[in-house]
Amino acid sequence: MRTAIMRAAAVVRTIAIVAALQLLVGAVATAQVIAIKAGRVVDPETGTTASNQILLVEKGKFTAIGSNVAIPAGAEVIDLSALTVLPGLVDAHNHLALTYKEEPERNSYYITSMLDPTPLRAIQAVSNGIQMLAAGFTIIRDMGNNGNYADVALRQAIEQGWVPGPTIIPSGLIIGGMGGQFAPTPEMARDHRIVYPEYLEADTPDEIVKAVRQNALFGARVIKICVDCKPWGYTADEIRLVIREAAKAGLKVEGHVQTVDGGKRAVDAGIWSIAHDRGMTDELHKQMALKGVWRAGTETPISLVGHTTQQRYDFTVASLHNAWENKVPLTFSTDADYYVPGKTRGEVAIEFIETWKAAKIPDVDILRAMTIGGYKVSETEKVRGPIRVGMFADLIAVPGNPLERIDALRDVRFVLKNGMVFKRDGVMTPAAFFHGGPVNGWNVR
């Protein structure tokens, strides 16, 4: 009898343990659901706001959005009812692995490239990426000047789950004629080769093809070329060759342009996007609007002292307004690759809204450039960016409403990236992003 009782007790204990485990597993599974209570949700594309919304997130994606969405039992509830929720921001032209500064290189990134080895720059890129994410930038197009593919390494590290950061769209090395954007002496360029690894020199059709293929092989997601960094530059036919070769790998092409003639050649060739505004004219803007060429104007504000002049700034403001009037596809792009004492990289980037305000661009159109335009130029709009069911769950939250006052974006209180909380109540909480090994496959190159 005693043995039977002991056996029965053991069975009861086993059943209890199994039941407890089942409850625990069920609780863990349910806890994977995040329910966000949003006071307001902004849709930048339509320029509208929906009040009192519930957003459900599971396995890193939005699964339900609406005012009458039921919150599942056991879901983690995040109360953002006092804030405005909107999609993450995009910087369509940055260089996270480059930070030139007054000390010691006197703001010369040529010297930076000689002083700082790629491994060090890659570590700095991680820091800059975290700073950008904290400021609300969930996607960055990283457009060269990253040493020996530090931008691709950063993308891999973020996608592997090792470190937090924005979604990176890297270009790899900038492709250009001999010397790239530098002006090396013969000894530097031919013997000591102190122009590398910042640029891939490509002066002939064969070299152009090989340069594009090298970047694609090593993990680029967009190709960047120097259209006119040297007086001879690339012809329209040579740019078309770059575009054709990049298309084989499913990549688009951005051109660094600094002259009107270079801009004309790039637009004539059918380039995807143009960086900087020095070569922009009213006529060229009209052609860009007609052909759908994106403008990544990198409009430096006068408030970042030492990085533009009043004359240059006045041109930038007028050029940006002209582009908007001509309905050119616009992106928010900064080229913010320098250190400003007292500011994070994200704070430097967000300062560029001052130029857009000076150009009298309506707040809704500034926000569209910072979101919708960024998703489209980055080619993520079908999988990441907009707050829609089935999309990766990236969003930010701010006090106020950026549709009414774009400066509301200066105070990002909450950041969600891939369905994980990165910033809450204005404080970074990145612990969930750090892992000892890959979480998305061992090789995501």
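**Burial around a helix**

A: What covers the buried residues of α8 includes α7 (236–248), β12 (273–275) and α9 (282–291). This is a predicted model, in which local features need pLDDT of at least 70, side-chain atom pairs count only at pLDDT 80 or more, and totals for chains, interfaces and linings use all residues. Residues are numbered from 1 along each chain as its sequence is written, and side-chain values use heavy atoms, with hydrogens and water left out.

Q: Which residues of helix α8 are buried?

A: Buried means under 20% relative accessible area, exposed over 50%, and partly exposed in between (1.4 Å probe, protein chains only). Helices (H or I, at least four residues) and strands (E, at least two) are DSSP runs, numbered from the N terminus. Within α8 (residues 260–269), the buried ones are Gly262, Gly263, Arg265, Ala266, Val267 and Ala269.

Q: Is Ala359 buried or exposed?

A: Ala359 is buried, at a relative accessible area of 2%. Ala359 sits in the loop between α12 (353–358) and α13 (363–370).

Q: What does Ala359 touch?

A: Contact means heavy atoms within 4.5 Å. Leaving out residues up to four places away in sequence, Ala359 touches Val317, Leu320 and His321. Trp324 is 35 residues from Ala359 along the chain, and their C-alpha atoms are 9.0 Å apart.

Q: Where is Ser127 placed?

A: Ser127 belongs to helix α3 (residues 118–134) and counts as partly exposed, at 34% relative accessibility.
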